[in-house]
Amino acid sequence: MTREVVERGDAGGVLPYDPSTDSLILIEQFRAGCVRDRNSPWMLELIAGIVEAGEDDLAVARREAIEEAGCELDLLEPIAAYYPSAGACTEHVRLFCGRAVAAADGEVRGLASDGEEILVHRIPRDVVMNALREGEINNGHTLVALQWFALHVDDLRQRWL
């Protein structure tokens, strides 16, 4: 039997949460794989990026948060580690929730060298949770993180406020 596997490398992601404003920092960017989406190929998602050689997971989360959202994090909580498409891809993803102390709300961020044009959003938690309930979140990493967040937000607010 022959199997085709895409060697992708590993990725890390972070869902920034600001308990003082009860809001989440999400980014919006164009995703070529979603051009057939009936609504838009622009996705609302958590912050994520590829793990560079010698880089640990927490460093990836902090680096990507600054690059993509001008977001400073002071605490990080593990969410999950998983294979998003194990039938065809080697990618392993590690996700975190981070306490946001600053973010570039409304700015366009990202690395020009990577062709990134990323819009930063600060969205109230209830608005994001409603979007999750209504099926408006269609990015896998973000779905995993937001489902975890919905289960743990009360505990996070107690510890992070």
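A salt bridge here is a side-chain nitrogen of Lys or Arg within 4 Å of a carboxyl oxygen of Asp or Glu. By that rule, a search of the whole structure, a predicted model, finds 15 salt bridges. The close-ups below show some of them, along with other sites.

**View A. Glu 55, Arg 63, Glu 64 and Glu 67 form a salt-bridge network.**
Arg 63 pairs with Glu 55. Their closest N and O atoms lie 2.6 Å apart. Arg 63 has a relative accessible area of 22%, so the residue is partly exposed. Glu 64 and Glu 67 are also members of the network.

**View B. Glu 64 is a buried member of the network in View A.**
Glu 64 sits in helix 1, residues 57-69. Its relative accessibility is 6%, and buried means under 20%, so Glu 64 counts as buried. What does Glu 64 touch, not counting residues up to four places away in sequence? The list is Ile 47, Ala 48, Gly 49, Ile 50 and Ala 69.

**View C. A salt bridge joins Arg 99 to Asp 74.**
The closest N and O atoms of the pair are 2.7 Å apart. The bridge links distant parts of the chain. Arg 99 belongs to strand 6 (residues 93-102), while Asp 74 belongs to strand 5 (residues 72-82). The two residues are 25 residues apart. Is Arg 99 buried or exposed? Arg 99 has 19% relative accessibility, and the limit for buried is under 20%, so Arg 99 counts as buried. Asp 74 is partly exposed, with a relative accessible area of 34%.

**View D. Glu 107 and Arg 109 form a salt bridge.**
Here the closest N and O atoms are 3.6 Å apart. That value falls within the 4 Å cut-off, so the pair counts as a salt bridge. Glu 107 is partly exposed at 39% relative accessibility. Arg 109 is partly exposed too, with a relative accessible area of 25%.

**View E. Ile 25 is buried in strand 2.**
Strand 2 spans residues 23-30. Ile 25 has a relative accessible area of 0%, so the residue is buried. Which residues are in contact with Ile 25, leaving aside its neighbours within four places in sequence? They are Pro 16, Ala 69, Cys 71, Ala 100, Ala 103, Asp 105, Val 120, His 121 and Arg 122. Take Ala 103: this residue is 78 residues from Ile 25 in sequence. In space, their C-alpha atoms are 7.5 Å apart.

**View F. Helix 2 (residues 125-133) has a buried side.**
Val 128, Met 129, Ala 131 and Leu 132 are the buried residues of helix 2. Seen down the helix axis, these residues fall within an arc of 155°, so they line one face of the helix. They pack against strand 2, strand 8 (118-124) and helix 3 (140-160). Which exposed residues does the face turned away from the buried side carry? Asp 126 and Arg 133. Gly 135 follows helix 2, and its phi is positive, near 75°.

**View G. Phe 30, Val 35 and Trp 42 make a nonpolar surface patch.**
The patch covers about 310 Å². Trp 42 lies in strand 3, residues 42-45. Trp 42 has a relative accessible area of 40%, so this residue is partly exposed.

Technical notes:
Residues numbered from 1 in each chain as written. Predicted model: local features only at pLDDT ≥ 70, side-chain atom pairs only at ≥ 80, totals over all residues. Heavy atoms only, no water. Helix = DSSP H or I, 4+ residues; strand = E, 2+ residues; numbered from the N terminus. Buried < 20%, exposed > 50% of the residue type's maximum accessible area, 1.4 Å probe, protein only. Contact = heavy atoms within 4.5 Å. Arc of directions from axis to C-beta. Patch = residues over 30% accessible without salt bridge, like charges linked within 9 Å, V, L, I, M, F, W, Y side chains within 5 Å. Areas by Shrake-Rupley, 256 points an atom, 1.4 Å probe, with all protein chains shown as cover.
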